[in-house]
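Hi everyone, thanks for making time for this. Please have a look at the picture on the screen, and then I'll walk you through it.

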Amino acid sequence: MKNNDARTNELLAQVVERFRLHSKKVHSDDPFVAGIAAQICEVELWEMWALTQS
């Protein structure tokens with residue numbers, strides 16, 4: 001596992017918090033909200049992956 005500096009760790013924590021928020025919205029009754037939230041989750045998953053790569 002990559003050792004991250006404090007700034008990278010903070011960015012990763014922020015992305016995780018956003019992902020947790022948006023992943024709850026994926027189950028919304030409004031299909032528009034659910035669709036947008038799913039797309040945002042895809043981006044946030046990519047961000048988490050990118051932040052953990054060397």
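Predicted model: local features only at pLDDT ≥ 70, side-chain atom pairs only at ≥ 80, totals over all residues.

Where does His22 sit? His22 is part of helix α1. And which residues does His22 touch, once we leave out those up to four places away in sequence? They are Ala37, Ile40, Cys41 and Glu44.

Now let's zoom out to the helices. In general, two packed helices are described by the angle between their axes and the distance between the axes. Here, helix α1 covers residues 6-25 and helix α2 covers residues 31-51. Their axes come within 9 Å and cross at roughly 160°. That angle is over 145 degrees, so α1 and α2 count as roughly antiparallel to each other. The crossing in which α1 passes α2 is left-handed.

Who makes this contact? On the α1 side, the residues include Leu11, Leu12, Val15, Val16, Arg18, Phe19 and His22. On the α2 side, among them are Ala37, Ile40, Cys41, Glu44, Leu45 and Glu47. Sorted by class, the contact of α1 with α2 has 13 nonpolar, 3 polar and 4 charged residues.

One of the residues touched by His22 was Glu44, so let's visit that one next. Glu44 belongs to helix α2. Is Glu44 buried or exposed? With a relative accessibility of 2%, Glu44 counts as buried. Setting aside neighbours within four places in sequence, Glu44 is in contact with Val15, Arg18, Phe19 and His22. Take Val15 from that list: Glu44 and Val15 are 29 residues apart in sequence, yet their C-alpha atoms are 6.3 Å apart in space.

On to the charged groups. As a general point, side chains of opposite charge can pair when their charged atoms come close. How many salt bridges does the structure hold? There are 3 salt bridges.

I'll begin with the pair Arg20 and Glu17, whose side chains meet in a salt bridge at 3.5 Å, N to O. Both residues lie in helix α1, 3 residues apart, which is about one turn of the helix. Arg20 is partly exposed at 46% relative accessibility, and Glu17 is partly exposed with a relative accessible area of 46%.

Next comes the salt bridge between Arg18 and Glu44, where the closest N and O atoms are 3.6 Å apart. Arg18 lies in helix α1 and Glu44 in helix α2, so this pair ties together parts that are 26 residues apart in sequence.

Glu47 is partly exposed, at 24% relative accessibility.

Note on methods. Residues numbered from 1 in each chain as written. Heavy atoms only, no water. Axes fitted to C-alpha atoms, helices over the stretch in contact; angles between N-to-C directions. Helix = DSSP H or I, 4+ residues; strand = E, 2+ residues; numbered from the N terminus. Parallel < 35°, antiparallel > 145°, perpendicular 65-115°, else oblique. Left-handed = near helix turned anticlockwise from the far one by under 90°. Contact = heavy atoms within 4.5 Å. Nonpolar A, V, L, I, M, F, W, Y, C, P; charged D, E, K, R; others polar. Buried < 20%, exposed > 50% of the residue type's maximum accessible area, 1.4 Å probe, protein only. Salt bridge = Lys/Arg side-chain N within 4 Å of Asp/Glu carboxyl O.
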